[in-house]
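Welcome! Please take a moment to look over the sequence and the model, and then we can walk through a few places together.

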Amino acid sequence: MSSRSYLAIAKIVIPLVLVSLLSACSALNTSIEKADLDVQTRASESIFLEPVSPAKRIIFVSVRNTSDKDLDIKPRIIQRLQGNGYQITDDPELAYFMLQANVLKVGKENKEAANSYLEAGFSGAAIGNVVSSRSDTGKGIVLGALVGVLAESMVEDTLYTMVTDLQLRERPRENEVMTQQQNESSTQGSSTTVTQKSNRNSVEWKTYHSRIVSTANQANLDFEDALPLLEDGLIRSISGYFAE
């Protein structure tokens with residue numbers, strides 16, 4: 001075989017070996033850095049409810065789930081609230097506080113998307129899939145680097161996210177008069193926008209909004225293992241607003 005043939009082969013083989021090594025190193029680095037489970041729950045807003053006497057610790061609880069996952073967190077939220085000394089009522093007229101939560105999304109996500117949901121706040125950024133910033137271009141080019149690609153495919157930096165919008169209400173204190181101005185707009189069809197304005201005096205509730213984002217991150221994390229952790233974080237965060 002001529003020297004030119006050896007040189008041509010080397011030009012092909014050496015880049016493949018280098019990419020294989022880089023891919024394998026990347027997979028090893030991910031498996032080391034993400035070996036420990038990292039669970040976080042963050043709220044977009046701090047909410048400070050007025051302290052009240054035990055007789056007024058009566059709360060109406062509504063928890064909705066508009067995600068595509070089956071959840072059963074309302075009983076656990078109620079249990080935590082009762083442990084904090086609150087009485088649960090199904091009659092809003094009897095309640096001094098009102099808790100309304102809606103789970104918008106539960107699923108695999110990337111860190112950039114999780115941060116964007118939190119930064120957008122209550123009813124902010126649309127809930128959908130955000131394209132990852134990670135590039136996989138090199139995989140399509142290097143067809144021969146099977147070892148490196150296989151190693152990388154076996155180690156995934158997995159992050160699951162739960163996004164929940166929260167609305168808390170409390171009765172105004174004695175001699176406290178609350179007024180409210182509300183502007184709403186909605187689009188009907190492709191070109192028609194409907195705008196509604198309302199002014200209300202002496203409203204019955206003071207209203208607060210927040211968004212809660214829980215994340216679970218670990219290499220090759222299974223959803224079945226992540227979901228209970230996400231639920232625990234959400235429940236602790238919600239009940240924490242009513243801790244004395």
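A polar contact is a pair of N or O atoms within 3.5 Å; within protein, one must be able to donate a hydrogen and the other to accept it, and residues adjacent in sequence count only if both atoms are side-chain atoms. Before using that term, note that this is a predicted model, in which local features need pLDDT of at least 70 and side-chain atom pairs count only at pLDDT 80 or more, while totals for chains, interfaces and linings use all residues. Residues are numbered from 1 along each chain as its sequence is written, and side-chain values use heavy atoms, with hydrogens and water left out.

Let us begin with S239. This residue sits in helix 6, residues 223-240 (helices are DSSP runs of H or I with at least four residues, strands are runs of E with at least two, and both are numbered from the N terminus). The side chain of S239 makes a polar contact with the backbone oxygen of R236, at 3.2 Å. S239 is buried, at a relative accessible area of 3% (buried means under 20%, exposed over 50%, and partly exposed in between, with a 1.4 Å probe and protein chains only). Setting aside neighbours within four places in sequence, S239 is in contact with R80, L81 and N84, where contact means heavy atoms within 4.5 Å.

Y86 lies in the loop between helix 2 (74-83) and strand 3 (87-89). Is Y86 buried or exposed? With a relative accessible area of 6%, Y86 is buried. Its C-alpha atom is 9.7 Å from that of F97, eleven residues apart along the chain.

Now for the strands, which pair if DSSP finds at least two bridges between them. F97 falls in strand 4 (residues 97-108), where nine of the twelve residues are buried. Strand 2 (residues 58-65) runs parallel to strand 4 over seven bridges, and F60 has M98 as its bridge partner there. Strand 4 is also joined to strand 5 by eleven bridges, in the antiparallel sense; V103 is partnered with T164 of strand 5.

Strand 8 (residues 206-219) is largely enclosed by the rest of the structure, because eleven of its 14 residues are buried. Strand 1 (residues 38-43) pairs with strand 8 too, antiparallel over six bridges, and N217 is the bridge partner of D38.
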